[in-house]
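Colleague: Please take a close look at one part of this model for me. I would like the strand pairing and the charged contacts around it.

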Amino acid sequence: MTEMPAQSQAAMPLLAVDRVLRLDAAGVTTRKAVAGNEPFFPGHYPDYFIYPGVFIIEAVQQAAQIYARRYVGQVRLVEVRSARFLSALIPGAVFDCECKCTVAPDGRLRVDATCRHGEVTAAAVKLVYQIEGSIAPQS
């Protein structure tokens, strides 16, 4: 049996944010350029490459983490409230994730994101985070 090298035993982290365009108390906007040479493309619709929807959710997640580090501290994702994919992102696309971030009365961070490629809305994502150190209300 051949032992695998250490670097191939765990997946490389997905870099879903290339640049932060805006970061303020109201939220964060990030940008990601979709490269055509990503290794997942041949398996994600071999004849028509499409950036996977779960990677768009990860782009919102990474943007939310950037916001949280600056404004609320450590957070933990507890809910993907909704994710709507409205337009395909293909290799060469550049998309912006505009995230409105609010701390709700229940002490959770709520992120309402719209991801756009130019003027076209590619996805709308809503995530909920528990702010570490805060106690979630009992249901």
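Modeller: Arginine 76 stands opposite glutamine 130 in β6. This is a predicted model, where local features need pLDDT of at least 70, side-chain atom pairs count only at pLDDT 80 or more, and totals for chains, interfaces and linings use all residues. Residues are numbered from 1 along each chain as its sequence is written, and side-chain values use heavy atoms, with hydrogens and water left out.

Nine bridges join β3 to β6, and the two run antiparallel. Strands here are DSSP runs (E, at least two residues), and helices are runs of H or I with at least four residues, numbered from the N terminus. Two strands pair if DSSP finds at least two bridges between them.

Arginine 76 also has a charged partner. Glutamate 132 forms a salt bridge with arginine 76, with the closest N and O atoms 3.1 Å apart. The term means a side-chain nitrogen of Lys or Arg within 4 Å of a carboxyl oxygen of Asp or Glu. Glutamate 132 sits in the segment after β6 (120–131), arginine 76 in strand β3 (residues 75–85), and the two are 56 residues apart. Both ends are partly exposed: glutamate 132 at 38% relative accessibility, arginine 76 at 44%. Buried means under 20% relative accessible area, exposed over 50%, and partly exposed in between (1.4 Å probe, protein chains only).

Now the sheet around this pair. It is an open sheet of six strands in the order β1-β2-β4-β5-β6-β3, with antiparallel pairing. The edge strands are β1 (19–24) and β3, each pairing on one side only. Neighbouring strands are turned by 15° against each other on average, direction ignored. Axes are lines fitted to C-alpha atoms, for helices over the stretch in contact, and angles run from 0 to 180 degrees between N-to-C directions. Helix α2 packs on the sheet and touches β1, β2, β3, β4, β5 and β6. Contact means heavy atoms within 4.5 Å. The direction of α2 makes about 50° with that of β6.

The structure holds seven salt bridges. One of them joins arginine 31 and aspartate 96 at 2.7 Å, N to O. Arginine 31 is in strand β2 and aspartate 96 in strand β4 (residues 94–103), 65 residues apart. Arginine 31 is partly exposed, at 28%. Arginine 116 forms a salt bridge with glutamate 98, at 3.6 Å between the closest N and O atoms. Arginine 116 lies in strand β5 (residues 108–117) and glutamate 98 in strand β4, so the pair ties together parts 18 residues apart in sequence.
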